[in-house]
Amino acid sequence: MAKFVLAGKTDCPHYAKAELLADCLQQTLPDFSVHKISIVPHEWKEWLETTCKRNGWKHEQSPLVWRELVAQGGKGTLIGGFSDFLEHCQGFYSVTSDMPTEMMLSVAAENLQTKMSLVEEEQHRLSLIKPVHIWITSALSPTCHFLIPNLLSAEVFPHISAISLHLLDLEASEEELQGVKMEAEDLALHLLYQVTIHTDLEQAFQGADVILLLDECWSDDGKTEDEEEKKKKQVKRISDRYRTYGQLIDTRANKEVKVMVSGDSFVNLRCSLLLDNARSIDSYRFISMATQLENEARAIVAKKLKVKTSDVTNVIVWGNISGSFYADLQKAKVFNYDGAIKGPAFFSQPVRKILHDRKWLETDFQDLVCHQRAAVASKSCRAAGMSVANGILTVLKAWNGICGPHEVFSMGVLCPGFYDLPEGIVLSVPVSFVDGKWSVRFDVTVGDELKERLKISASELKQEKELGSEI
């Protein structure tokens with residue numbers, strides 16, 4: 001089959017003449033097909049330059065005609081302009097065109113009018129679409145790579161018709177982000193409305209409905225310095241950036257925005273800095289992620305009980321997600337446990353009724369979770385990125401109303417007056433989601449020992465904030 005592509009300016013008389021000639025051939029020849037590309041006049045020059053550059057052609061006028069090798073694949077073969085196309089048709093098909101100039105001009109004017117009407121209709125259609133604006137920072141990170149294909153789905157956003165994805169990375173070049181953008185667009189996900197890239201803060205968080213902050217700490221590789229000095233620099237950089245983030249979110253984001261802070265380093269601190277600088281937005285719109293620690297604790301319990309990790313639920317992580325924390329099993333349940341009491345798939349048992357070894361729970365278990373976290377952090381970026389992405393998706397689904405009211409999640413949130421802790425501190429505590437809103441669980445036991453652990457975590461976080469404030 002002969003497939004021709006005919007492109008030209010909508011107001012070009014020669015494009016109109018070539019179009020009618022191609023229509024005539026398509027009607028009379030069963031193996032002849034034509035695909036038309038009508039370009040509005042002000043976009044023609046840029047489109048032509050881009051197309052020719054991509055295919056290695058040289059052409060300057062409208063129309064542009066090429067033949068695509070349908071059976072063989074590969075790039076098309078350039079035919080040229082109207083005269084070249086006419087000569088090709090005369091030589092191969094013995095067909096010519098004798099359209100008078102007056103008709104050429106009339107058809108060209110009609111083409112332009114039709115095209116502009118279609119453009120107006122499309123602009124009106126797009127104006128009716130109100131997409132959800134999702135911003136992701138550190139867009140070149142492995143976490144973002146795993147997030148995008150699963151994030152833009154009805155499974156995560158069940159009541160959304162369109163998503164506008166904004167990729168921000170202050171350490172990336174525009175060319176690097178273009179690659180991520182193209183990958184997202186190539187997925188052809190039906191919810192994806194548009195993708196924009198940003199390498200600076202000029203438009204950051206404008207109209208944001210969801211913000212996923214993946215930034216980690218930044219260090220000067222190759223410089224030798226002690227750990228204390230290194231930590232000071234990291235905290236200072238993070239503090240400077242997240243204060244700026246908070247101020248921008250405060251003035252630009254939707255007041256009902258959902259802000260999620262994720263990663264391995266200074267997670268609670270980063271969330272706290274946002275809250276300090278986004279005073280006009282409710283503190284319930286900001287959370288930091290403890291799902292990685294939850295999953296690591298679940299995996300250790302699952303191994304001990306010889307079940308799957310997914311069979312262990314409702315593990316609680318208290319405290320400083322990136323520092324002193326405590327993995328608590330008081331609400332944890334296990335399904336499909338092969339013990340004295342068995343039941344159907346929906347039957348569960350409290351983990352602490354099965355694990356009677358208090359010494360293991362209070363010492364070995366806590367140490368194992370710490371070691372597991374270090375092991376995950378030392379894994380390849382791909383493995384760690386996948387783990388973080390899965391945690392974000394789990395919590396985001398719950399925040400969008402896709403979870404049961406009895407499910408327990410551990411999240412770093414502002415704790416004003418909770419558990420006799422100082423105000424202005426973000427700590428990981430147990431929460432549940434109902435109708436897309438989270439609330440702290442108070443049906444848990446917070447004994448004196450746990451209170452002391454939480455005070456240590458709070459003290460750590462206060463020191464980090466003070467460190468970030470030093471000049």
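## Exercises on a predicted model

Glu228 is partly exposed, at 48% relative accessible area. The model is predicted.

**Exercise 1.** Place Glu228 in the fold, then find which residues gather with Glu228 in a patch of negative charge.

*Solution.* 
- Start with the class. Exposed needs over 50% and buried under 20%. At 48%, Glu228 is therefore partly exposed.
- Next, the element. Glu228 sits in helix 7, residues 227-252.

**Exercise 2.** Classify both partners of the Glu19 and Lys36 salt bridge as buried, partly exposed or exposed.

*Solution.* 
- Check the contact. The N to O distance is 3.6 Å, and the cut-off is 4 Å.
- Locate the ends. Glu19 belongs to helix 1 (residues 13-28) and Lys36 to strand 2 (residues 32-39), 17 residues apart.
- Read the accessibility. Glu19 has 13% and counts as buried. Lys36 has 31% and is partly exposed.
- Asp23 is linked with Glu19 and Lys36 in a network of salt bridges.

**Exercise 3.** Work out which parts of the chain the Glu256 and Arg285 salt bridge ties together.

*Solution.* 
- Take the distance: 3.9 Å, N to O.
- Locate both residues. Glu256 is in the loop between helix 7 and strand 9, and Arg285 is in the loop between helix 8 and strand 10 (286-289), so the bridge ties parts 29 residues apart in sequence.
- Glu256 is exposed at 53%. Arg285 is buried at 13%.

**Exercise 4.** Compare the span of helix 9 with the expected value, and say how many of its residues are buried.

*Solution.* 
- Of the 15 residues, 11 are buried, and helix 9 is mostly covered. Among the buried ones are Leu293, Ala297, Ile300 and Val301.
- Just after helix 9 comes Lys306, with a positive phi of about 60 degrees.

How values were computed
Residues are numbered from 1 along each chain as its sequence is written. This is a predicted model: local features need pLDDT of at least 70, side-chain atom pairs count only at pLDDT 80 or more; totals for chains, interfaces and linings use all residues. Side-chain values use heavy atoms; hydrogens and water are left out. Patches are made of residues with over 30% relative accessible area and no salt bridge: like charges are joined within 9 Å, nonpolar side chains (Val, Leu, Ile, Met, Phe, Trp, Tyr) within 5 Å. Accessible areas come from the Shrake-Rupley method with a 1.4 Å probe; for residues, only the protein chains shown count as cover. A salt bridge is a side-chain nitrogen of Lys or Arg within 4 Å of a carboxyl oxygen of Asp or Glu. Lys and Arg count as positive and Asp and Glu as negative; His and the chain ends are not counted. The place of a charge is taken as NZ of Lys, CZ of Arg, CG of Asp or CD of Glu. Helices (H or I, at least four residues) and strands (E, at least two) are DSSP runs, numbered from the N terminus. Buried means under 20% relative accessible area, exposed over 50%, partly exposed in between (1.4 Å probe, protein chains only). The expected span of a helix is 1.5 Å times one less than its number of residues.
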